[in-house]
Amino acid sequence: MLQRTIDRSCHELAILLNFPDHFANSGLPMVAGVSATRTTAMRKPKAPEANRARILAAATAEFAARGFDGASMDAIAARTKTTRALINYYFGSKARLYLAVLERVYAEIRDAERGLHLAHLPPAEAIRRIVEFTYDYYVEHEYFVRIVVAENQAKGRHMKRSSALRTVNRPIVDMLGTVLARGQAEGAFRPDLDPVDVHMAIAALGMFNVTNQYTFGTLFQRAMGAKGDVPSRRRMVADIVLSWLAPASTQRSR
């Protein structure tokens, strides 16, 4: 029963957290609540993992929509039909809750990348799979992109407090490094490649479609984000990255 509750919370996060304010009225109650006359100190809440999952889901929606400064703990409590006291019982403060959200959303994308199964693919095809996966992930998980943008606007001050985030994000660099090394050994990729730079290029080209969808779309009258031509643009980004990775001799012959 507990596992089904947690799975349902994760499903809500994946589908509903592209910033709809109506998530606050989802109607799904917390597994355990706190009455107006009873504090969390008087009775330990039941089903803590399910409660934490729902609070994190609601907090992700709130922080994605409004950033750290604009987000309201009362709004997060309303989204979960509980109280600030219960949220603080689990997370301690708004800052610690936000940091838990940051760690969660980065862990989610890194966990998803582990399912790419690249070892059997030729290096160029492996890179294309990474690029296309990343592009699709940003389109399908706008809440992740918006939280990244919000933390950049905050100059990364919250992220700096988490050493775990550096560990969580290391696997994508190692994955790219392995693929690049295979490609270099085969002569398919140029020798002067840094996997962190490659990761940065893939992220930048993929995020633009989401972060600039309203400004660019308005200026040039192009549908962007999920409403745009996702397959064509995804392929274009992969082609750009692979052209950059190709040896100089290959680039000159084109």
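Helices are DSSP runs of H or I with at least four residues, numbered from the N terminus. The views show a predicted model, in which local features need pLDDT of at least 70, side-chain atom pairs count only at pLDDT 80 or more, and totals for chains, interfaces and linings use all residues. Residues are numbered from 1 along each chain as its sequence is written, and side-chain values use heavy atoms, with hydrogens and water left out.

**View 1. Q213 in helix α11.** Q213 belongs to helix α11, which covers residues 213-220. This residue is buried, with a relative accessible area of 11%, because buried means under 20% relative accessible area (1.4 Å probe, protein chains only).

**View 2. The surroundings of Q213.** Leaving aside residues up to four places away in sequence, Q213 touches E142, F208, M224 and G225, where contact means heavy atoms within 4.5 Å. Q213 and M224 are 11 residues apart in sequence, while their C-alpha atoms are 4.8 Å apart in space. The side chain of Q213 also makes a polar contact with the side chain of E142, at 3.3 Å, and reaches the backbone oxygen of V210 at 3.1 Å. A polar contact is a pair of N or O atoms within 3.5 Å; within protein, one must be able to donate a hydrogen and the other to accept it, and residues adjacent in sequence count only if both atoms are side-chain atoms.

**View 3. Helices α7 and α10.** Helix α7 (residues 142-153) packs with helix α10 (residues 195-211) at an angle of about 100°, their axes being 10 Å apart; axes are lines fitted to C-alpha atoms, for helices over the stretch in contact, and angles run from 0 to 180 degrees between N-to-C directions. The contact involves E142, F144, V145, V148 and V149 of α7, together with M207, V210 and T211 of α10.

Note on methods: Helices (H or I, at least four residues) and strands (E, at least two) are DSSP runs, numbered from the N terminus. Buried means under 20% relative accessible area, exposed over 50%, partly exposed in between (1.4 Å probe, protein chains only).
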